[in-house]
Amino acid sequence: MNARLDWISQAGGPLRGVLRVPGDKSISHRALMLAALAQGQSRVSGFLEGEDTRATARILQQLGVRIAAPNAGERVIEGVGLHGLRPSAQPLDCGNAGTGMRLLAGLLAGQGFDSTLIGDASLSQRPMRRVIEPLTTLGARIDSSDGRPPLRIHGGMDLHGHAITTAIASAQIKSAILLAGLYAGGVTRVDEPQPTRDYTERMLQAFGWPIEFGPGWASLPGRQSLRACDVRVPGDFSSAAFFIVAATLVPGSELLVQEVGLNPRRIGLIEVLRAMGADIRIEAPRQQDGEPIADLRVRHADLRGIEVPLAHVADMIDEFPILFVAAACAAGVTRVHGAAELRVKESDRIAVMANGLRALGIDAQETPDGALIRGGGLRGGVVDSRGDHRCAMSFAVAGLRADSAVRISDCANVATSFPGFEALARGVGFDLEQVSQAQPA
């Protein structure tokens with residue numbers, strides 16, 4: 001028998017305190033990969049100690065990269081250069097990390113050896129054709145299981161630069177193309193239907209690669225070199241989002257979330273919550289290794305429903321589960337559209353959140369690319385996170401406003417992106433209890 005991890009969340013007093021969330025997952029993945037391909041030693045501080053990022057570190061070690069962990073949140077990487085990776089006799093297991101798999105597909109497409117990328121049951125159902133097709137345009141050869149993992153990436157392919165316009169606004173797709181472009185002859189350019197976060201572009205620049213980029217596009221020449229540098233990873237905005245919404249919803253609350261990364265293409269949630277009436281103040285804005293960071297002070301405020309502007313959708317795609325909870329507690333109706341990408345995340349997040357909110361007494365109607373949520377009083381009940389870490393944490397926030405306890409099933413995957421969430425949440429006033437339930441092996 002295995003034990004399934006459930007949570008029980010319920011209303012308590014106001015949330016108060018100062019906190020720091022773990023390092024940004026997206027930046028942690030990218031820092032490891034570029035440091036591995038650089039010449040020299042790089043040090044990464046603020047590294048996210050999550051299952052996803054550790055999976056990427058293990059894969060790079062399988063490929064011959066020496067990575068030391070002198071302290072929690074630190075990694076020292078001995079770069080092997082652009083062509084220094086070595087083949088692995090075993091498949092490369094990405095676990096639950098969709099970011100890791102998609103970016104590694106681009107990186108491995110230019111190697112001289114074959115590789116196989118695998119993942120857990122959830123990742124094995126996620127679409128990869130959206131990455132395979134543009135990489136094939138560059139000359140890569142990747143076999144899949146009907147567009148899903150495992151991915152068998154053939155080595156020794158002669159990649160060539162190309163101008164690619166992506167059909168989907170996705171930083172993962174853009175980044176996979178750019179990483180493959182490092183190995184391609186000529187220039188690789190990516191144009192997007194909407195601008196997405198530019199972590200990869202900024203980090204390539206920091207590691208010395210000649211790259212040009214702006215909102216919605218990036219262009220780089222291939223076959224240059226990366227030089228080692230140190231990277232300080234800011235707090236993950238997606239992790240901060242749960243505390244931003246929780247403090248907004250619980251009367252009497254005030255939280256200060258320190259050193260949060262505020263990449264312009266990442267913070268659509270702040271704009272949307274402010275439009276709904278939230279009291280979120282950006283304090284001490286500054287730059288850290290090319291990335292904007294700041295402290296966020298959040299106080300309770302009454303929210304009103306809005307139609308979420310399409311322009312913000314790509315900039316908050318990971319934050320929609322917690323936005324759905326904010327909408328459930330807002331006066332009036334909130335409409336979301338243009339977010340079909342939520343259907344193919346770790347779960348179908350539209351369905352999981354709508355089903356869960358309905359179980360808690362909220363009128364939540366699914367649409368093909370979003371939802372219509374009519375705010376009201378949350379009641380207690382049982383909801384299923386379907387193993388999706390962001391849905392689990394979102395329902396934990398919903399429990400703070402429910403009239404009785406909310407039990408959230410299948411929460412173990414929170415460790416993939418936010419280790420220590422429970423302790424941090426309890427530390428600022430969440431009433432959150434962990435319970436285990438035996439289930440067949």
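Helix α1 lies across strands β3, β5 and β14, running at about 35 degrees to β5. Axes here are lines fitted to C-alpha atoms, for helices over the stretch in contact, with angles from 0 to 180 degrees between N-to-C directions. The model is predicted, so that local features need pLDDT of at least 70 and side-chain atom pairs count only at pLDDT 80 or more, while totals for chains, interfaces and linings use all residues. Residues are numbered from 1 along each chain as its sequence is written, and side-chain values use heavy atoms, with hydrogens and water left out. Helices (H or I, at least four residues) and strands (E, at least two) are DSSP runs, numbered from the N terminus.

The strands β4, β5, β3 and β14 form, in that order, an open sheet with mixed pairing. Because β4 (66-68) and β14 stand at the edges with a single partner strand each, one side of each is left without a neighbour in the sheet. Within this sheet, β3 (residues 39-45) and β5 (residues 74-80) pair in the antiparallel sense over seven bridges; two strands pair if DSSP finds at least two bridges between them. Arginine 43 has valine 76 in β5 as its bridge partner.

Helix α1 (residues 25-37) also packs on helix α3 (residues 98-109), at an angle of about 25 degrees and with the axes 10 Å apart. That angle makes α1 roughly parallel to α3, a term that covers angles under 35 degrees. The crossing of the two helices is right-handed, the near helix being turned clockwise from the far one by less than a right angle. In the contact (heavy atoms within 4.5 Å), His29, Arg30, Met33 and Leu37 of α1 meet Thr99, Gly100, Leu103, Leu104 and Leu107 of α3. By class, these residues are five nonpolar, three polar and one charged. Ala, Val, Leu, Ile, Met, Phe, Trp, Tyr, Cys and Pro count as nonpolar, Asp, Glu, Lys and Arg as charged, and the others, Gly among them, as polar.

Leu269, Val272, Leu273 and Met276 in α8 meet Ile322, Leu323, Ala326 and Ala327 in α9, and the contact divides into eight nonpolar, no polar and no charged residues.

Strand β17 (residues 291-299) is mostly covered, with seven of its nine residues buried, that is, under 20% relative accessible area (1.4 Å probe, protein chains only). It pairs in the antiparallel sense with β15 (residues 254-261) over six bridges and runs antiparallel to β16 (residues 279-288), to which eight bridges join it. Arginine 299 in β17 is the bridge partner of glutamate 254 and stands opposite aspartate 279. Two residues separate β16 and β17 in a hairpin, and aspartate 289 in the turn has a positive phi of about 50 degrees.

In helix α6 (residues 199-206), Tyr199, Thr200, Glu201, Met203 and Leu204 are buried. Their cover includes α1, α5 (171-181), β12 (212-214), β13 (217-221), β14 (231-232) and β17. Glycine 208, which follows α6, has a positive phi near 90 degrees.

Serine 347 is placed in the loop between β18 (333-336) and α10 (349-359). This serine is buried, with a relative accessible area of 9%. Leaving aside neighbours within four places in sequence, serine 347 is in contact with Leu342, Val352, Arg386, Asp388 and Cys391.

Technical notes
Angles under 35 degrees count as roughly parallel, over 145 as roughly antiparallel, 65 to 115 as roughly perpendicular and the rest as oblique. Buried means under 20% relative accessible area, exposed over 50%, partly exposed in between (1.4 Å probe, protein chains only).
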